[in-house]
Amino acid sequence: MASIDRTAYPRFKRVVSAREIAESFTASEDETVWARSKTTSEGHLLALVVLLKCYQRLGYFPKLADVPDAVVTYVRGTLGVAESVVAGHESERTLWRHREFVRTRMGVVYEPARVRAVAEKAIRAAALTKDNPADLINVALEELVRQSCELPGYTTLDAMTTSIRTKVNSGFFSTVAGRIPVTDRARLARLLLVDPVVRRSEFDRLKTPAKAASLGKFRQRLDHLAALDALGATQVWLEGVPPGKVGHFAGEARVTDVADLRKYGEDKRLTLLVSLIHVLRTEARDEVCDMFCKRISAIHKRGRDRLDELREQHRAESERLLGVFGDVLGAAREVLGPAEVSDDGDDPPASSGAGVFERAGQWMLQVLEAGGGVEHLSAAHEAVAAHHGNNYLPLLERFYRSHRKALFTLVDSIELEPVTAERAVVDAVEFVRAVRDRRGDWIGETAVLERGGVETVVRVDVDAFASELWRKVLRDKRRPGMLSRRHLEVCVFSCLAAELRSGDIAVAGSESYANLHAQLMSWDECAPLVEGFCAQAGIPAEASDLVAFYKRRLTGTAARVDAGYPSNTDLVLDGGTPVLKRRAGADRRPEALKLEAAIHERLPHRSLLDVLTRAAYLTGWWRHLGPASGSDPKIRDAMGRYVITAFTYGGNLTAAEVARHMKHTSAHEIYTAGNKHADAGKIHKASAAVINAFAALDVAGVWGDGQVVAADGSQIDTWENNLLAESHIRYGGFGGIAQRLISDTYIALFSHFIPCGVWEAVYIIDGLLANTSDVQPDVVHADTQGQSLPVFGLATLLGFELLPRIRHWHDLIFYRPDPGVRYSHIDALFGDHAIDWGLIEKHWTDLLRTGISIREGRLSSVTLLRRLGNHSRKNRLYKAFRELGRVIRTITLLRFLSEPELRQQITAITNRVEAFHGFAAWLMFGGKLIGHNDPDHQERVVKFNELVANCAIYSTALDITDAANTLAAEGHPVDPDDLATITPYITRTIRRFGDWVLNLTPPDAEPVTRLDLEPRALFPTGAA
């Protein structure tokens, strides 16, 4: 059975806030009159109104005994019924009559057979692409609501989902298994054999993550790819199985050990194995391409370093050659004699005559001989002149030699696909593969390649893809039509790496390097969605209207800033570099400091385990964890196990370390829950449950409205032998970045562990789209790393307003709305650049297809922005997003310069993010280094750390609410503005160390979620 908490099935929360009760359960005057006309007693009146409001809120009739007392009490108060009146029915007949009254008023007909048919049809269609039972139930709920059906009981939907899902999956299992030949079945069966010596199976070794991108590990990963490809044609066996199903089957196989796999039926076991192998083949292609790009970058770095070394070595020789040249000039002057000036100021004619030239030549030869001789000086000059420029490319070949075999193995193992009509680099790869066995230093520009028994002439056109510096290295004027073979190979592989990064060349069977344009939805698929997509983003749907819309915005913003410049005392444009004066931050009021001290004194001290347990009871976050099948966990005391697991991983502790300090808990139990019952998606859903409960608190509304979020990253050290870990000069250390989205209410909405070397802005949009909580911001703040032109363009297309804090803003280009526009005061900010509105209008269809494809989940924003971050000369999407980004960034910069409130808001919330980083690091008390090389494990640690931090924030917010209410009840003034300055990132009340005892006793009373600082003054709602 799938847990109801993982689904969208409407139900009463464990804690229903006063605000939610007032919004959802206040009967209108018309509803009250209607209910009184249908009843003859106050008990029936109360029961009928409760049923009506519950049906409006839930879509079905709950048992009156299951309705929270707070709801019944509120409805009783709004109806003016005495407290002694109880909502109830004397007979089933009365209950059914009341339900019919509600159905008639709501226009609903009770048709159980039709409801079951609608739900079954929706589940059956969704089961072809989805697999998680909770997702299937949610699809059924959505369709039932759309057709205004009364929702059936949850157990009915769950049983229906289980039956249909089993039948659909059994069909897939039998189909896939029937396609696998006998020989391949035997090979797959051998994967599950456990070596008695090392006690590991080949199946386990297949799941080993990629290591660091060293040359040796690169070769090993190429062997790993070859081994996976040799297992069979998985793409043929899985033909017709939706990618979502393949991914779920692979995920289940990944967390299942050999012993459990053997318990499955043969068809299911084979399908799960094939699905995992297929996914691993895709991942391996991504990994070897990542390694290839990193190895090429390493080769180029060594070449640049070698050039610097040679320059340093030749510095003394350069100075000596300059000295010889000075001696030659001195000898020439001595032979020619001092220059004399004529009376009219003209120079006298130069000395001439064969004798003078002969004497000068003798002197110069003597000087050259004294300098070491002509031959020695010529050799020294060639050595120095070879490296006096910035062209390090001739030096790469010596570092490439050790990589040569591995690089050719790579291009033999993958299938390259040109994304555009230009095939120059792909043809060059084919050319160097054809001539790889040549031994001469120079080769012609054509070669004969045998394909399928047919000889084909392949040609390399270096002018089509090589830079001018490369062409100087590849060609020799003395050998027309010939190319340097060794340098050509380095050039081709370097250009291939650049094309892979930019997306101009794709890799078949890959995900990160797949054809970007092939992943986009077609225009026929997008056309019906355009109007709703643009309405959600707040932009016109037509290209001409969109251009006019943004042109008006840019023109109006620039005119407003220009008109307001005389009163803008912060911005100085008088000559030189523009200066924006920094404003001093406002100090907190003494009353706020006193209030903070008083609240801190009243906060109870809790152990971190008690904090997690309290949040687990009140929010149910633990119910989102469970086995890969999607069913409820069958482990003993699931909530306690998951609380300990969150404590272990979120604190960056080891399972063995926690087990040593806790009774009745083993390391194996923690390991199983952390690795088999938790992944990044499940932990994110658990955190979303805490976020939703936190957002319902009144104190969260004091801190912010949830519409603003800030993105920033914090470096975390890891072990080095993995593909994600990198060293970066900005952070120091060796590891990755915990990229987080922090709401203006202090809660963390999303976190992700990313490499240090990437531009952080690439992941901002992905985090916003992945946020599934009730807090949905539309304004995003970040620092300089959180912006780029394509990100500005994509953010506005998806309805987000990106407002980063940009250092060195005066070095950026401000674009004019038209080339001829001039401004009275701020014209110095603008250069000669203007927006190319025609480019945006021309590619508006491409922009729409991209945005809709991302919204619909067909394309990853990270994949897109990583490609758009490389300035491809052939990528029209990059040019279109860049131009739209220029518009938005110019508007943002003008606002940044003219609105001090905006600058203060950006500073405040980015400081809040930094404070969260510190709070999360304090909770990671097991150490500041993630001692694991598996990127999935590293991601889980960061996700669990976010969950633990959010639980602590939620628990502290409840305690702050109690403390503020107590102060107000005691007669102390509590100003909401002062309360808003008190952060929930409080560490002094949380005990991390000491005896770790899991206390699963439920809280004594329901928590208070409402601030009652002054009756109905702060949040005026109905009676509570």
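Figure 1. At 4% relative accessibility, isoleucine 443 counts as buried (buried means under 20% relative accessible area, exposed over 50%, and partly exposed in between, using a 1.4 Å probe and protein chains only). This is a predicted model, so to speak of local features we need pLDDT of at least 70, while side-chain atom pairs count only at pLDDT 80 or more and totals for chains, interfaces and linings use all residues. Residues are numbered from 1 along each chain as its sequence is written, and side-chain values use heavy atoms, with hydrogens and water left out. Isoleucine 443 sits in strand β2, residues 442–444 (helices are DSSP runs of H or I with at least four residues, strands are runs of E with at least two, and both are numbered from the N terminus). Skip the residues up to four places away in sequence, and isoleucine 443 touches Phe431, Val435, Arg438, Gly481, Met482, Leu483, Arg485 and Leu488 (contact means heavy atoms within 4.5 Å). Arginine 479 is 36 residues from isoleucine 443 along the chain, and their C-alpha atoms are separated by 9.9 Å.

**Figure 2. Tyrosine 565, a buried loop residue.** Look for tyrosine 565 in the loop between α27 (543–564) and β7 (571–572). With 15% relative accessibility, tyrosine 565 counts as buried. Its contacts, not counting residues up to four places away in sequence, are Leu571, Val572, Leu573, Asp574, His825 and Ile826. For a sense of scale, tyrosine 565 and alanine 134 are 56 Å apart in space, C-alpha to C-alpha, and 431 residues apart in sequence.

**Figure 3. Helix α39, largely enclosed.** Helix α39 covers residues 861–868, and because seven of its eight residues are buried, the rest of the structure largely encloses it. The buried ones are Ser861, Val862, Thr863, Leu864, Leu865, Arg867 and Leu868.

Figure 4. Side chains of opposite charge can pair when their charged atoms come close. Aspartate 978, at 6%, counts as buried.

**Figure 5. A buried salt bridge between glutamate 287 and arginine 221.** Here the side chains of glutamate 287 and arginine 221 meet at 2.8 Å, N to O. Glutamate 287 belongs to helix α15 (residues 266–313) and arginine 221 to helix α11 (residues 215–229), so to speak distant parts of the chain, 66 residues apart. Both residues are buried. Across the model there are 58 salt bridges.

**Figure 6. Leucine 979 in the largest nonpolar core.** This core has 169 residues, and Ile599, Trp621 and Leu979 touch the most other members (a nonpolar core is a set of buried Ala, Val, Leu, Ile, Met, Phe, Trp, Tyr and Cys residues joined through side-chain atoms within 4.5 Å). Helix α42 (residues 935–969) gives the most to this core, with 17 residues. Setting aside neighbours within four places in sequence, leucine 979 is in contact with Leu595, Ile599, Val699, Val702, Trp703, Ile960, Ala964, Leu1011 and Leu1013. A second, separate core has 144 residues, among them Ala22, Tyr74, Ala119 and Val288.

Methods:
A salt bridge is a side-chain nitrogen of Lys or Arg within 4 Å of a carboxyl oxygen of Asp or Glu.
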